[in-house]
Amino acid sequence: MAEMHSTDHNPDLAPHFETIDQQRQSSRLGMWLFLVAEILFFGGLFCVYVIYRVNQPEVFTFGHQFLDKNLGTLNTLVLICSSLTMAWAVRAAQLRQRMILTLMLVLSFLLAGTFLGVQYVEYSHQRQNALLVASQLAPDADIPAEVQPEEAISASVEGAPDEAPLEAPMVEAVDPGVSMIAPAAAGPAGLATAADRLAAQAERDLVNVDPAGAKTFFSIYFLMAGLHGFQVLLGMIAMLWLLKLTFQGAFDGGHSIKVGNTALYWHVAVVIWIYMFLLMYLID
Amino acid sequence: MAEGHSAVVTPMSEGASGDNYLTTGKGVLSWLFTLDHKRISVMYMVAILSSFLFGGMFALLVRTEMLTPGATIMTADTFNKMFTLHGVVMIFLFIIPGIPAALGNFVLPLMLGAKDVALPRLNLLGFWCWLTGATVCMVSIVVGAVDTGWTFYAPYSTTTGTAVVSMTLGALILGFSSILTGLNFIVTIHTMRPEGMTWFKMPLFVWSLYSTAIIQVLATPVLGITLLLLIAERTLGVGIFDPALGGDPVLYQHFFWFYSHPAVYIMILPAMGIISELVSVFSGKHIFGYKFIAWSSVAIAVFSFLGWGHHMFTSGQSPLVNVIFSALVFGVAIPSSLMVFNWLATMYKGAISLAAPMLYVLAFLFLFSIGGLTGLFLGALSTNIHLHDTYFAVAHFHYLMFGGTVIAFLGGIHYWWPKMFGRMYSEFWARISAALIFVGFNLTFFTLFVMGSHGMPRRYYNYLEVFKPYQQASTVGSYLLGLGFMIMAYYLAQSLLKGEKAPENPWGGASLEWETASPPISRNFEHEMIGLDPYDINALELSSDSGSYIRKDPSSILLTQAGGE
């Protein structure tokens with residue numbers, strides 16, 4: 001899809017196409033198919049989410065409180081703004097406004113960077129979080145052994161690759177028998193639906209959903225967030241590539257398909273995040 | 001990348017000088033970085049046939065081990081690795097990319113009268129993905145192989161000490177190669193058809209590639225995420241599939257088969273397309289029931305997504321779900337048998353030529369029917385309980401994958417060989433080898449049907465004395481198969497070196513790939529083509545001086561009729 005050094009009259013037309021329209025159609029259809037494949041890729045994770053949420057709803061109501069809704073909302077707004085700037089960039093490319101195109105690409109890039117930055121802050125915050133740390137730091141507590149390091153590892157590996165490994169000094173501070181988990185707003189409800197049953201259950205179990213169950217929530221969350229973060233990273237690379245092309249004047253002729261395709265890709269990334277936000281942060 | 005560009009992009013001056021895609025551009029780099037679909041296809045062909053050689057050697061080792069009960073030539077652990085590697089190499093490296101990437105890549109743009117696929121860079125990227133994935137797989141074979149079976153079922157795959165992570169990573173990367181091929185083909189078929197070629201004037205091979213491509217794009221990402229989850233399970237312990245971590249191993253099976261059931265149609269659909277082309281040409285007749293075959297291939301693609309659950313009849317699925325999946329999987333039999341009857345009807349009262357490609361067609365019809373009908377035994381709930389995980393399932397699968405796909409692939413190779421390399425092969429040896437392969441195959445796998453129905457389980461290292469004659473017959477059959485392939489390798493190599501020069505159209509096919517030189521020039525055609533009926537065999541006649549079939553009205557196929565010589 002990049003530049004072809006053709007001797008043809010139209011420098012944008014690759015030699016194996018007859019018309020520029022055919023080329024544009026191919027390019028656009030290819031992008032849509034790629035996005036379909038990408039959505040199916042994420043679809044597998046959403047499917048895992050649905051199955052585990054239906055089977056263990058209490059784990060999800062329990063787990064979601066440890067996500068920071070404010071940061072999540074902020075990130076959602078940031079991404080929606082970046083969607084706007086990308087759409088504007090497409091418009092600018094079509095109208096051959098090189099300055100506005102450059103501005104919009106830079107803005108989109110910065111917004112995408114902000115998103116990743118906020119994600120990083122949130123994960124570092126979650127590292128302090130009782131749930132993750134409790135299971136991490138109590139290796140020989142009577143919590144089932146398998147709950148141990150995975151969360152933390154997935155937090156650092158999936159979430160923010162450059163995070164330092166978890167420090168150990170808090171070990172002594174934690175009594176493995178006592179959960180450091182803050183009381184849940186609604187409490188673990190199990191399969192109960194009626195409010196009184198819910199309350200009764202919450203009282204019975206106090207706040208102690210088995211952390212072994214909670215790990216499922218965070219496994220799914222971090223896998224999704226990690227993959228989505230990777231997708232955002234690729235989007236940022238694509239934006240840089242577009243900026244380079246813009247400086248070279250590649251869009252001065254109004255041949256804007258590359259901007260359009262990147263924008264499509266970006267919108268899908270934003271939509272996937274919005275679903276994640278709804279399904280992970282706003283559970284009640 | 002510069003060399004590759006210039007090889008393709010520089011306006012070509014060949015044709016008159018006798019240059020073709022094989023001779024334009026020299027050196028390894030002009031191949032590795034080419035954007036020419038024909039060169040990429042040849043690279044795929046070499047790569048895929050090498051994988052076939054590997055996978056075949058693993059198979060022969062497995063069969064040799066089964067000569068006697070107990071240890072024959074290897075330990076039980078090695079045996080587990082051997083059949084796993086046979087499966088992984090044959091499925092992910094050979095048969096899934098096989099027909100689409102190697103033959104489809106070559107033929108599709110030619111059949112459309114186009115200069116290339118729509119997205120040549122993605123095509124090359126797909127090949128590089130294949131190479132990377134294959135390298136990762138080979139490395140994992142060296143560092144410890146895998147003993148899970150090619151299905152990587154959890155929880156064994158999450159606990160075994162073998163190289164599951166790198167092997168599944170390899171399969172994941174190969175999956176991207178497959179997605180890119182499929183994506184490219186869909187776009188190509190949508191946007192690169194010539195004037196006059198409406199959807200129902202496309203050759204049926206194109207229809208089958210289109211249906212295949214849909215499955216590749218829609219199903220492969222699910223395999224990707226499944227394998228990624230499996231990798232995460234092993235490296236991070238995320239607890240999605242491993243019951244010890246609160247996961248659900250049957251969920252893995254659902255995920256895996258959601259891809260891998262459609263994947264068997266990724267394997268068989270293009271084979272069906274090849275058969276549709278060959279049966280018409282070698283029967284000297286128009287294809288019978290064109291629209292039925294075209295729609296059947298789409299129907300099979302649709303059905304393919306609805307049958308995954310029949311792999312889990314004995315995994316504790318609810319009986320209701322089992323009944324539904326059983327009914328759905330029977331549905332695939334309808335379009336499949338429609339095709340078989342249409343092929344038979346095409347042959348009916350035709351002037352059948354028994355050239356090597358047609359021998360493969362006949363073998364296909366025979367073996368595919370056996371494979372398909374035994375599939376009904378496995379799809380039926382009651383018989384499935386008895387036959388599940390026995391040699392019967394193995395035999396059924398091989399009748400479809402080898403008897404169906406590989407046989408059609410071989411037919412396709414022999415059919416398009418003169419076009420690809422501009423040389424004829426020894427027809428005599430081709431027939432001998434086809435006969436050997438047919439006999440060897442049946443000896444190898446029909447015995448497996450018998451043993452399976454008597455209860456011999458698959459993947460067992462040891463067996464009862466009563467199975468010994470069957471096991472040994474099967475092993476002898478596999479050696480015959482190997483011999484058949486050795487003969488084929490010999491005469492094909494000989495053809496490349498000093499084969500007789502192939503005419504433009506040695507068989508009398510009416511689709512567009514026969515309207516260019518053998519081998520084709522880099523930009524494929526001298527003139528722009530239009531799409532006519534691709535099965536109008538009667539529009540051609542054999543020219544006695546060139547040995548080639550030529551159009552009775554040569555200008556009828558050209559876009560600008562005045563633009564002829």
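Reply: A residue is called buried if 20 or more other C-beta atoms lie within 10 Å of its own, exposed if 12 or fewer do, and partly exposed in between, the C-beta atoms being placed from the backbone. By this criterion Gly455(B), with 13 C-beta neighbours inside 10 Å, is partly exposed. This glycine belongs to the loop between α16 and α17 of chain B; helices (H or I, at least four residues) and strands (E, at least two) are DSSP runs numbered from the N terminus.

The model is a predicted one, in which local features need pLDDT of at least 70 and side-chain atom pairs count only at pLDDT 80 or more, whereas totals for chains, interfaces and linings use all residues. Residues are numbered from 1 along each chain as its sequence is written, and chains are lettered from A and ligands numbered from 1 in the order in which they are written.

The crossing of α15(B) and α16(B) is left-handed, a term for a near helix turned anticlockwise from the far one by less than a right angle, with clockwise giving right-handed.

Residues are in contact if their C-beta atoms, placed from the backbone, lie within 7 Å. On the α15(B) side the contact includes Tyr391(B), Phe392(B), His398(B), Phe402(B) and His414(B); on the α16(B) side it includes Phe441(B), Phe445(B), Phe449(B) and Ser453(B). By class, the contact of α15(B) with α16(B) has 13 nonpolar, 5 polar and no charged residues. Here Ala, Val, Leu, Ile, Met, Phe, Trp, Tyr, Cys and Pro are nonpolar, Asp, Glu, Lys and Arg are charged, and the others, Gly among them, are polar.

Helix α15 (residues 391-421) of chain B also packs against helix α13 (residues 356-379) of chain B, at an angle of about 160 degrees and with the axes 8 Å apart. The pair α13(B) and α15(B) is therefore roughly antiparallel, and α13(B) passes α15(B) in a left-handed crossing. Their contact has 17 nonpolar, 8 polar and no charged residues.

A nonpolar core is a set of buried Ala, Val, Leu, Ile, Met, Phe, Trp, Tyr and Cys residues joined through C-beta atoms within 7 Å. The largest one has 230 residues, and those with the most contacts inside it are Ile186(B), Ile275(B) and Tyr360(B). Helix α4 (residues 76-111) of chain B gives the most to this core, with 22 residues. Leaving aside residues up to four places away in sequence, Ile275(B) touches Trp343(B), Val361(B), Phe364(B) and Ala408(B).

In the loop between α5 (120-142) and α6 (156-159) lies Pro155(B), joined to Ala154(B) by a cis peptide bond with omega about 0 degrees. Ala145(B) lies in the loop between α5 and α6 as well; its phi is positive, about 55 degrees, although it is not a glycine. With 19 C-beta neighbours inside 10 Å, Ala145(B) is partly exposed.

The loop between α17 (468-498) and β1 (540-542) contains Pro519(B). A cis peptide bond with omega of about -10 degrees joins Ser518(B) to Pro519(B). Asn524(B), found in the loop between α17 and β1, has a positive phi near 80 degrees. Asn524(B) is buried, with 24 C-beta neighbours inside 10 Å.

Thr198(B), in the loop between α7 (164-191) and α8 (204-236), is exposed, with 8 other C-beta atoms within 10 Å. The C-alpha atoms of Thr198(B) and Asp533(B) are separated by 9.9 Å, although these residues are 335 apart along the chain.

Methods. Axes fitted to C-alpha atoms, helices over the stretch in contact; angles between N-to-C directions. Parallel < 35°, antiparallel > 145°, perpendicular 65-115°, else oblique. Contact = placed C-beta atoms within 7 Å.
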